[in-house]
Amino acid sequence: LLEKTTQLELNRAKHANPLTGLPGNVMIEGALNKILYENQDFAVLYFDLDNFKSYNDVYGFECGDKVLCFTASVIQKELKNCQNKNNFLGHIGGDDFIAITGYNDVTDLCDRIIADFNRRIVDYYNAEDRARGYIAAKNRHGLSEEFPIISLSIAVVTNQNRQYQNVFELSEAASQLKKKCKLTWQSCYCVGGVIFTPKTAN
């Protein structure tokens, strides 16, 4: 049993994201396949940071990594407060994260995550940028542009009104919802095609 446990830990370490230590893509795919196979009610949350690239360009990768670890810790903390205890959190890569939980309290979970994130993300900016509410950086065309404080988009895919046959279908659905979220220019989440912007949003 000890040998089996050690092997499991080694596999987790092998497939973990090197920055956050969260499960990487191999384990994420396994977790998604598991919920599809079990055919129970689920909510899959895809997290994406808005304006993260410009933050990285101005503040540097070291500060960017701190923001990614902070984001992971916020999601992890709020998942632990869920009614559903069989939760999963993975780090897809870059500023993309994924969580799997039950459907029953997913809106409350998103509200809490966004409230905590918005309250604390400003700590990763200097006083001048905090006061202005944005940073000035060059866009891909080399022109100066104003980029707001980093916000968080959450695309929520559930099996309440649709059954998914595979991970690809799940990802495609999430991609469409994420595009809707990014049009709001503030922290928000999308459930069932409806956008929610908590009052605490940036």
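Guide: The radius of gyration is taken over C-alpha atoms, and the globule rule is 2.2 Å times the number of residues to the power 0.38. This is a predicted model, in which local features need pLDDT of at least 70, side-chain atom pairs count only at pLDDT 80 or more, and totals for chains, interfaces and linings use all residues. Residues are numbered from 1 along each chain as its sequence is written, and side-chain values use heavy atoms, with hydrogens and water left out.

Visitor: What radius of gyration does the protein have?

Guide: The protein has 202 residues. For a compact globule of that length the rule gives a value near 17 Å, and the protein agrees with it at 18 Å.

Visitor: How are the planes of Phe 70 and Tyr 124 arranged: stacked, edge-to-face or tilted?

Guide: Rings of Phe, Tyr and Trp (its six-membered ring) pair if their centres lie within 6.5 Å; planes under 30 degrees apart count as stacked, over 60 as edge-to-face and the rest as tilted. The structure holds six aromatic pairs. In the pair of Phe 70 and Tyr 124, the centres are 5.1 Å apart and the planes make 40°, so the pair is tilted.

Visitor: Which parts does this pair tie together?

Guide: The parts are 54 residues apart in sequence.

Visitor: Is Phe 70 buried or exposed?

Guide: Buried means under 20% relative accessible area, exposed over 50%, partly exposed in between (1.4 Å probe, protein chains only). Tyr 124, at 27%, counts as partly exposed. Phe 70 has 3%, so Phe 70 is buried.

Technical notes: Helices (H or I, at least four residues) and strands (E, at least two) are DSSP runs, numbered from the N terminus.
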